[in-house]
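Subject: Handing over a structure, with notes on what it contains

Dear colleague,

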Amino acid sequence: MNPRLRKIIKKYGFTIWLNASLEVLINRTSGRAGRPLLEGRDSRKILSDLMGERYPIYSEADLIIDTDT
């Protein structure tokens, strides 16, 4: 998410976004420990908010792969 790092990565690397829907993310993260942002909180709300913030930036990736299937 850091703009400076994204610029460096864009210049010297290749980015891949493994895109997933909210439902897939909820299924993948439910019941798994080690998710500090989600522990004891409304996972759907947190993940939805993160998607709104991060997905526009992730969509700038060089390659986007839909992982819902």
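With which residue does glutamate 23 form a salt bridge? Glutamate 23 pairs with arginine 44, and the closest N and O atoms of the two are 2.7 Å apart. This pair links distant parts of the chain, since glutamate 23 sits in helix α2 (residues 22-29) and arginine 44 in helix α3, 21 residues apart. Glutamate 23 counts as partly exposed, at 40% relative accessibility, and arginine 44 is also partly exposed, with a relative accessible area of 40%.

Before going further, please keep in mind that this is a predicted model, and that the values in this message were computed from it.

**The overall picture**

The C-alpha trace spans about 40 × 25 × 20 Å along its principal axes. Of the 69 residues in the protein, 22% are buried, and the accessible surface comes to about 5,300 Å², with 57% of that area belonging to carbon and sulfur atoms. If you take the contacts between residues at least 6 apart in sequence, 74% of them join residues that are at least 24 apart.

**Charges and salt bridges**

As a general point, side chains of opposite charge can pair when their charged atoms come close. In this protein there are 12 positive and 9 negative side chains, and the centres of the two sets lie 8 Å apart. The count of salt bridges comes to 3, and the pair of glutamate 23 and arginine 44 described above is one of them.

Another salt bridge joins the side chains of lysine 10 and aspartate 62, at 3.0 Å from N to O. Lysine 10 belongs to helix α1 (residues 3-12), whereas aspartate 62 belongs to the loop between α3 (43-58) and β2, so this pair ties together parts that are 52 residues apart in sequence. Lysine 10 is partly exposed, with a relative accessible area of 45%, and aspartate 62 is partly exposed as well, with a value of 35%.

The salt bridge between lysine 45 and aspartate 49 has its closest N and O atoms 2.8 Å apart. Both residues lie in helix α3, 4 residues apart, which is about one turn of the helix. Lysine 45 counts as partly exposed at 46% relative accessibility, and aspartate 49 is partly exposed with a relative accessible area of 39%.

**Threonine 67**

Is threonine 67 buried or exposed? Its relative accessible area is 18%, so threonine 67 is buried, given that the word applies to values under 20%. You will find threonine 67 in the segment after β2 (63-66). Leaving aside residues up to four places away in sequence, threonine 67 touches Leu18, Asn19, Ala20 and Arg28. With asparagine 19 there is a polar contact to look for, in which the side chain of threonine 67 reaches the backbone oxygen of asparagine 19 at 2.7 Å.

When you look through the model, you could begin with lysine 10 and aspartate 62, and then turn to threonine 67 and asparagine 19.

Technical notes:
Residues are numbered from 1 along each chain as its sequence is written. This is a predicted model: local features need pLDDT of at least 70, side-chain atom pairs count only at pLDDT 80 or more; totals for chains, interfaces and linings use all residues. Side-chain values use heavy atoms; hydrogens and water are left out. Buried means under 20% relative accessible area, exposed over 50%, partly exposed in between (1.4 Å probe, protein chains only). Contact means heavy atoms within 4.5 Å. Accessible areas come from the Shrake-Rupley method with a 1.4 Å probe; for residues, only the protein chains shown count as cover. Lys and Arg count as positive and Asp and Glu as negative; His and the chain ends are not counted. The place of a charge is taken as NZ of Lys, CZ of Arg, CG of Asp or CD of Glu. Helices (H or I, at least four residues) and strands (E, at least two) are DSSP runs, numbered from the N terminus. A polar contact is a pair of N or O atoms within 3.5 Å; within protein, one must be able to donate a hydrogen and the other to accept it, and residues adjacent in sequence count only if both atoms are side-chain atoms. A salt bridge is a side-chain nitrogen of Lys or Arg within 4 Å of a carboxyl oxygen of Asp or Glu.
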